[in-house]
Amino acid sequence: MILPHGVVQTPAFMPVGTAGSVKAVPQHMLEALDAQIILGNTYHLYLRPGHELVRKMGGLHRFMSWPRPILTDSGGFQVFSLNGLRNITEAGVRFRSHLDGSTHFFSPEHSMEVQFALGADIAMAFDECTEYPADYGRARQSLELTLRWAKRSRDHFATLSSQREGAQSLFGIIQGGIYSDLRRESAERLIELDFPGYALGGLSVGEPRALTREIIQATLPLLPKDKPRYVMGVGYPEEIVEYAALGVDMMDCVLPTRAARHGLLFTSGGRLNIKNQRYSEDQSPIDPECSCMVCQRYSRAYLRHLQAAREPLAATLNTLHNLAFYLDTMRSVRDAISTGNLPGLLDRTRARGGQPEAG
RNA sequence: GCACAGGUGGCCGAGCGGUUAAUGGCAGCAGACUGUAAAUCUGCCGCUCCUUGCGAGCUACGGAGGUUCGAAUCCUCCCCUGUGCA
């Protein structure tokens with residue numbers, strides 16, 4: 001995938017950097033990890049420092065000194081997660097800021113304005129992330145709203161693009177809850193709007209994992225093969241391998257970064273909670289099979305100490321490892337695809353998937 | 001020596017006659033985390049036993065006595081700590 005700020009090899013995992021930062025990890029280290037694209041958030045950057053300020057600073061890439069591709073989420077997920085602080089109408093969403101309680105209005109048009117100011121390589125249509133559980137009628141209503149918003153997003157994005165030089169692209173988002181026929185309808189009608197890429201939204205919002213997979217499996221084949229297919233907000237290491245094998249090109253998830261800050265590390269042997277007493281005198285690296293800079297240098301005992309002492313370095317080192325693990329995982333998926341060994345990789349991943357703890 | 005103020009579970013610190021194994025906080029132990037309101041949240045946290053239950057027994061609020069149906073809470077003496085005065 002060739003974007004204005006560089007090439008992204010797919011399938012790709014995108015670290016989440018909501019507020020202009022992949023929490024705890026500086027940009028130059030992200031580059032060292034070979035992260036090829038990161039995600040930023042419209043809602044958060046709009047609130048602070050403000051999209052106009054970011055524009056003034058030369059756009060998000062320049063502002064945060066990240067020369068590689070960026071995708072910005074539209075704020076649609078906040079429609080979902082700020083439940084209680086927002087009110088949805090046809091026109092858009094009225095939010096209460098989680099920072100100071102002030103009221104703000106987001107419409108598809110406004111989201112496009114903000115994303116245009118931020119200047120990410122890929123912008124996302126403003127959608128309503130359907131909650132789980134949602135009954136059929138509710139899922140349909142949500143899907144319809146998202147489609148109308150998708151059209152408005154596309155149209156306004158086109159207007160903005162025509163007024164100013166811009167190589168940004170805008171992806172559409174499929175909703176439809178857990179209903180395959182609604183997903184199909186959402187996909188087909190979205191494709192009519194002709195986006196350069198398509199995303200599956202509204203997944204990993206509490207539904208059983210088998211259902212997530214089912215929806216992806218059912219919906220992906222409906223999407224154009226020559227355009228990026230993005231599943232938003234997934235997943236665990238085993239899941240991203242599974243989904244990549246199904247043909248997903250892009251995924252993002254806060255899990256590796258958030259879990260790292262909470263002491264949960266992903267390894268080739270399964271999950272490892274570095275806070276556990278059992279690691280207090282363990283001189284081995286997080287993951288003996290991992291070649292990341294953290295595993296090359298630091299012991300579990302030391303990392304456990306940092307975590308217990310709430311040293312900020314714990315967040316940094318843990319996040320570096322988890323991201324390295326995720327990015328390595330995607331790299332090995334890409335390698336397996338190119339050498340035709342994907343089935344073998346899948347088997348190995350499944351075999352270790354159920355393992356709760358690393359040795 | 002005198003005068004105040006205190007001595008509570010690993011630590012700090014509430015409670016000042018009865019739903020008190022004893023509020024909180026910290027520390028400790030474990031769990032959760034999926035387009036980030038998350039460096040957050042949840043549970044456990046005196047000991048023993050079991051039919052793991054708003055279960056049973058035991059031990060506990062400096063020490064020893066006492067008052068009371070009932071005391072961490074009231075009284076007496078003793079020990080210790082802090083501050084002030086000698």
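Helix 14 (residues 312-339) has 28 residues, so at 1.5 Å a residue it should span 40 Å, and its end C-alpha atoms agree at 41 Å apart. That expected span is 1.5 Å times one less than the number of residues. Helices here are DSSP runs of H or I with at least four residues, strands are E runs of at least two, and both are numbered from the N terminus. This is a predicted model, where local features need pLDDT of at least 70 and side-chain atom pairs count only at pLDDT 80 or more, while totals for chains, interfaces and linings use all residues. Residues are numbered from 1 along each chain as its sequence is written, with chains lettered from A and ligands numbered from 1 in the order in which they are written.

**Helix 14 and its partners**

- Just past the end of helix 14, Gly340 has a positive phi of about 75°.
- Helix 13 (residues 300-308) packs on helix 14 with the axes 7 Å apart and an angle of about 130°. For these numbers, axes are lines fitted to C-alpha atoms, for helices over the stretch in contact, and angles run from 0 to 180 degrees between N-to-C directions.
- That makes helix 13 and helix 14 oblique to each other.
- The crossing of helix 13 past helix 14 is left-handed. Left-handed says that the near helix is turned anticlockwise from the far one by less than a right angle; right-handed is the clockwise case.
- Helix 10 (residues 237-246) also meets helix 14: their axes come within 10 Å and cross at roughly 25°. Helix 10 and helix 14 are therefore roughly parallel to each other, and their crossing is right-handed.

**Another helix pair**

- Helix 6 (residues 108-118) and helix 7 (residues 136-163) have axes 8 Å apart and pack at about 40°.
- At that angle helix 6 and helix 7 are therefore oblique to each other, and helix 6 passes helix 7 in a right-handed crossing.

- Eight strands make an open sheet with parallel pairing, in the order 3-13-12-11-10-9-5-4. Two strands pair if DSSP finds at least two bridges between them.
- Strand 3 (12-15) and strand 4 are the edge strands, each pairing on one side only.
- From one strand to the next, the twist in this sheet averages 25°.
- Phe13 has Met251 in strand 13 as its bridge partner.

- Strand 6 and strand 7 (residues 93-96) run antiparallel and are joined by 3 bridges. Across from Arg86 you'll find Phe95 in strand 7.

**Around RNA strand B**

- RNA strand B is surrounded by 49 residues, and the closest are His98, Cys129, Ser204, Gly233 and Gly235. A residue is near a molecule or strand if its C-beta atom, placed from the backbone, lies within 6 Å of it.
- Two or more residues each come from strand 4 (38-41), helix 5 (76-81), strand 13 (250-253), helix 11 (255-261) and helix 14.
- By type, the surface near RNA strand B splits into 20 nonpolar, 18 polar and 11 charged residues. Nonpolar covers Ala, Val, Leu, Ile, Met, Phe, Trp, Tyr, Cys and Pro, charged covers Asp, Glu, Lys and Arg, and the others, Gly among them, are polar.

- Gly235 sits in the loop between strand 12 (229-231) and helix 10.
- The bond from Tyr132 to Pro133 is cis too, with omega near 0°. Pro133 is in the loop between strand 9 (122-124) and helix 7.
- Ser65 isn't a glycine, but its phi is positive, near 55°. Its place is the loop between helix 4 (60-64) and strand 5 (70-73).

How values were computed:
Parallel < 35°, antiparallel > 145°, perpendicular 65-115°, else oblique.
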